Amino acid sequence: MKVIATTRKAQGTGASRRLRRADKLPGIIYGGNEPAAPIELEHNPIFFALRKEKFHASILTMELDGKEQLVVLRDFQMHPYKPQVMHIDFQRISPDEEVTMRVPLHFTGDELSPAVKVDKCIISHTVSYVEVACLPRDLPEFIEVDLSKMESGMTLHSSELTVPAGVRVVTDSVVASVITPVEEEIAAPADAAAAPADGAAAPAAAPAAAPAK
């Protein structure tokens, strides 16, 4: 995916506000052997790109002032209630240096697992991504998680995932776990519990009180 940016000359809160009014997005690019540099981008292409899972977990090509370089998205800020990106950060990367990235997980096979089919359990997806380290060329767009072998009581960790060659999971965390549903006991209504059993005589009515003289 390609991102087009230009060097941002005016800086400060007022300058950033003017950029946003002009449908521009202030940002910064840092890392590598170059100093951090303020940049500006067209707002709408970035706004819609941020809706795509791939944009968050891919090596991007940034064309900055006509010169291309490899970057990854590191952070962005949204307006509290408007559909507007307020600021965005990119990091330069080298093709020959390892990069650490969050990669989304795609879960499959829940309904085929013994936990769901036989034991009527629920499989909880604990996280939606894992952090991996690899060379930029080996970075996967996503990691598929096969849950078809999950059984009652099982827990799946990120260290157990099957990842592509050249990719390693950085941290170990619970990815999915089997939850046994709790069956609720249905309590009998209070009036039903007080009702006499079939064939039992109803209690005699209390005698009426004698009228006062």
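In this predicted model, K2 is partly exposed, with a relative accessible area of 47%. Its side chain forms a salt bridge with E63, in which the closest N and O atoms are 3.0 Å apart; because K2 lies in strand β1 (residues 2-7) and E63 in strand β4 (residues 60-64), this pair ties together parts that are 61 residues apart in sequence. E63 is likewise partly exposed, with a relative accessible area of 23%.

K2 also forms a salt bridge with E68, and here too the closest N and O atoms are 3.0 Å apart. Since E68 lies in strand β5 (residues 67-78) and K2 in strand β1, the pair ties together parts that are 66 residues apart in sequence, while E68 itself counts as partly exposed at 49% relative accessibility.

Another salt bridge joins the side chains of R92 and E34, at 4.0 Å from N to O. R92 lies in strand β6 (residues 85-92) and E34 in the loop between β2 (24-30) and β3 (37-42), so this pair ties together parts that are 58 residues apart in sequence. R92 is buried, with a relative accessible area of 8%, whereas E34 is partly exposed, with a relative accessible area of 43%. A search of the whole structure finds 5 salt bridges, these among them.

Leaving aside residues up to four places away in sequence, E144 touches H106 and T108.

Technical notes. Residues are numbered from 1 along each chain as its sequence is written. This is a predicted model: local features need pLDDT of at least 70, side-chain atom pairs count only at pLDDT 80 or more; totals for chains, interfaces and linings use all residues. Side-chain values use heavy atoms; hydrogens and water are left out. Contact means heavy atoms within 4.5 Å. Helices (H or I, at least four residues) and strands (E, at least two) are DSSP runs, numbered from the N terminus. Buried means under 20% relative accessible area, exposed over 50%, partly exposed in between (1.4 Å probe, protein chains only).
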